[in-house]
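Colleague: I'm new to reading sheets and helices. Could you walk me through one example?

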Amino acid sequence: MAERAGAGADSDVTCSNGQGACCVFDVDGVFRLGHLSVPGATGALASLREAGVPHVFLTNTSASPQASSQELAHALDGTYVDPADIIVSHSPFQDLLSPFRVSERPILVVGIDNVSAGDVETLYHIPHAVSTDDVYRCLPASCVPALAGIHSPANDEGVMRDAHAQFAAVAVMADSNNLTRDMQLVLDALRFDGHCHPDDIRQFLDNGGDDRRQHIPIFFANPDMVYGAAHPAPRLTQGCFRLMLESMFKALTGQALDVVQAGKPSAISYEYAAGLLRDKGGAGSVFMVGDNPASDIRGANRVGWTSCLVRTGIGARVDTETLPEEDRPAMVFPTVVEAIAHIVKVHTGKV
Ligand SMILES: [Mg+2]
């Protein structure tokens, strides 16, 4: 175990100063390695619970907390994890999207089919969310078919209730399943005051509407540009869509796109986690245990938590000596088992 001086300073999102400890865990690469679980992790989590250490899980997955709970239970020999204790990449939308709960205008959602739009409605209590899939099915003329890549868009049973819907905001919940089409629809909504229907856009322009500025907000769930998978090279993910969208918006309008970014390492997600820990009675030192220096560790360092790198997952290949200062962990452990053993000692005053 190595320690670095200077980390773990207090910050606004640190739980109240006092005795004890509480902790935030990454999931993939910490408790789970692909389809395998980290040896001893189940027993370690049980000891943490037995010691009464308040804890939550913070992951950049796009899955729902319920689905993540089931996956985590599978990796932990059936151990139940309350979905309320799992913060996924879009969990901060609970607060961020709350102003739109009373809006009569729907939210435009980028993600996989209707799953993501359904999550916006059920998880975040938005009356009406519409996926880009549904917009395209309803408004095939919105995109060049060859670019959209969908050749049978007609669907009378689409869930877009109003073809002339004026969107209030854009929520990027998960990876786009059609980058060019989604770029087109999102850019239209941003530039034409929430409109995607060609007739509405024409009217907007005829009325002198300003298409060189951003009219509605856009929220992103996961900032990761790439992720590790079975493939030998990292694969592209949501941050890639954001980068392309920002570039296109700048090219078309000359303006910088104003985005609200959730997910690790954004402070929004760490503040959300701190709020949950406070609700659970968390106090004293906050430990963040993760395997990704650029995500788990960077975010924890920014908010003044004690960042703990585990040598599993991505962390197995990390040379901490060559990491940028902001990505250097305060502590390094072989696995989550040793990390939890240390945290329990701190919580019980044995360190
Ligand atoms: Mg991880």
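Predicted model: local features only at pLDDT ≥ 70, side-chain atom pairs only at ≥ 80, totals over all residues.

Colleague: In which sense do S7 and S8 pair, and over how many bridges?

Modeller: Strand S7, residues 107-110, runs parallel to S8, and the pair has 3 bridges.

Colleague: What is the order of the strands in the open sheet?

Modeller: Read across the 5 strands and you get S8-S7-S9-S10-S13, with parallel pairing. S8 (129-131) and S13 (259-261) each have a single partner strand, so one side of each has no neighbour in the sheet. From one strand to the next, the twist averages 25°.

Colleague: Which strands does helix H7 touch?

Modeller: H7, residues 179-191, packs on the sheet and touches S7, S9 (169-172) and S10 (218-220). Its direction makes about 155° with that of S7.

Colleague: Now the helix pair. How do the axes of H7 and H9 cross?

Modeller: Look at distance and angle together. The axes of H7 and H9 (residues 238-253) come within 11 Å and cross at roughly 50°. The two helices are therefore oblique to each other, and the crossing is right-handed.

Colleague: Which residues of H7 and H9 meet?

Modeller: From H7, the list includes Leu179, Met183, Val186 and Arg191. On the H9 side you'll find, among them, Phe241, Met244, Phe249 and Thr253. Sort the residues of this contact by type and you get 11 nonpolar, 1 polar and 1 charged.

Terms used: Residues numbered from 1 in each chain as written. Pairing = 2+ DSSP bridges. Helix = DSSP H or I, 4+ residues; strand = E, 2+ residues; numbered from the N terminus. Axes fitted to C-alpha atoms, helices over the stretch in contact; angles between N-to-C directions. Contact = placed C-beta atoms within 7 Å. Parallel < 35°, antiparallel > 145°, perpendicular 65-115°, else oblique. Left-handed = near helix turned anticlockwise from the far one by under 90°. Nonpolar A, V, L, I, M, F, W, Y, C, P; charged D, E, K, R; others polar.
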